[in-house]
Amino acid sequence: MSASDEKKEKISTRRTYTLLRMGFFKLLAEVPFEKISLTEICSRSMVPRSTFYRYFEDKYDLLCYCLQTFFDETDMAEDVLYLQESESARAFLSEIMKEMARNRQEYYKIYCINKDGAFMDILRSFLIQILSEKLKVSESKGMHSKISPPVFTYLLADFYISTAKCYLEYGDDYTVEEFVRNISLFANKDFFSFQK
């Protein structure tokens with residue numbers, strides 16, 4: 001394969017991933033995850049079913065890819081994973097909230113349509129999987145969690161999901177910076193100030 005052909009294939013692959021993500025995202029804002037069919041995803045994305053199967057096994061695999069891409073784009077560093085360095089954790093949360101703010105109406109629709117179904121549990125499972133993989137990489141570099149990895153990743157996944165849900169439900173009352181400051185205070189266990 002020539003360099004030109006490789007470049008065209010890479011562009012085509014990126015285009016397909018983008019079309020599938022966008023189509024899936026729009027469907028999630030209209031239909032509960034459990035009711036979305038592969039036919040609808042392909043139709044909305046304008047991607048043939050055979051092409052879909054070249055990249056993904058099913059809609060669950062696509063959802064996991066979307067979540068992984070979201071976290072990759074926000075650049076989750078190891079110290080963020082461990083919540084040890086408050087400034088990088090704050091920067092990471094800020095990136096997540098800014099992304100959510102850019103598409104707040106769509107995320108809110110997705111949340112409202114899917115909050116009572118299996119979607120949130122599926123999202124948590126995939127997030128636990130992503131966090132577990134990142135934890136293994138960190139542990140291979142010598143950092144070890146004092147908390148059992150399954151417990152740690154479950155609680156951390158719930159923290160991120162709860163943060164997103166809280167922002168979608170109450171974010172109108174705060175700027176992104178104010179919201180992130182509140183979440184950072186919570187993460188740092190800085191709950192109260194005492195006044196005389």
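**View 1. Packing of helix H7 on H9.** The axes of helix H7 (residues 104-114) and H9 come within 10 Å and cross at roughly 110°; axes are lines fitted to C-alpha atoms, for helices over the stretch in contact, and angles run from 0 to 180 degrees between N-to-C directions. That angle makes H7 roughly perpendicular to H9 (65 to 115 degrees; under 35 counts as roughly parallel, over 145 as roughly antiparallel and the rest as oblique). Arg104, Tyr107, Tyr108 and Tyr111 of H7 form the contact with Lys165, Tyr167, Leu168, Glu169 and Tyr170 of H9, contact meaning heavy atoms within 4.5 Å. By class, this contact has six nonpolar, no polar and three charged residues. The model is predicted: local features need pLDDT of at least 70, side-chain atom pairs count only at pLDDT 80 or more, and totals for chains, interfaces and linings use all residues. Residues are numbered from 1 along each chain as its sequence is written, and side-chain values use heavy atoms, with hydrogens and water left out.

**View 2. Packing of helix H8 on helix H9.** H8 (residues 119-140) and H9 (residues 149-170) pack at about 125°, their axes lying 8 Å apart. H8 is therefore oblique to H9. Met120, Leu123, Arg124, Leu127, Ile128, Leu131, Ser132, Leu135 and Glu139 in H8 meet residues of H9 that include Pro149, Phe152, Tyr160, Ile161 and Lys165. The residues of the contact of H8 with H9 comprise 13 nonpolar, two polar and four charged.

**View 3. Packing of H4 on H8.** An angle of about 55° separates the axes of H4 and H8, which are 10 Å apart. The two helices are therefore oblique to each other. On the H4 side, Tyr60, Leu63, Cys64, Leu67, Gln68, Phe71 and Asp72 take part; their partners in H8 include Phe119, Ile122, Phe126, Ile130 and Lys134. The contact of H4 with H8 divides into 11 nonpolar, two polar and three charged residues.

**View 4. The aromatic pair of Tyr17 and Phe56.** A search of the whole structure finds 15 aromatic pairs, in which rings of Phe, Tyr and Trp (its six-membered ring) have centres within 6.5 Å. The ring centres of Tyr17 and Phe56 are 5.5 Å apart and their planes stand at 85°, so this pair is edge-to-face (over 60 degrees; under 30 counts as stacked and the rest as tilted). Tyr17 belongs to helix H1 (residues 3-28) and Phe56 to the loop between helix H3 (49-55) and helix H4 (59-73), so the pair ties together parts 39 residues apart in sequence.

**View 5. Confidence along the protein chain.** The chain averages a pLDDT of 86, and 89% of the residues score at least 70; pLDDT is the predictor's confidence in each residue, from 0 to 100. Among the elements of the chain, helix H2 (residues 38-45) has the highest mean pLDDT (96) and helix H5 (residues 78-81) the lowest (58). Where pLDDT is low, the predicted coordinates should not be read in detail.

How values were computed:
Helices (H or I, at least four residues) and strands (E, at least two) are DSSP runs, numbered from the N terminus. Ala, Val, Leu, Ile, Met, Phe, Trp, Tyr, Cys and Pro count as nonpolar, Asp, Glu, Lys and Arg as charged, and the others, Gly among them, as polar.
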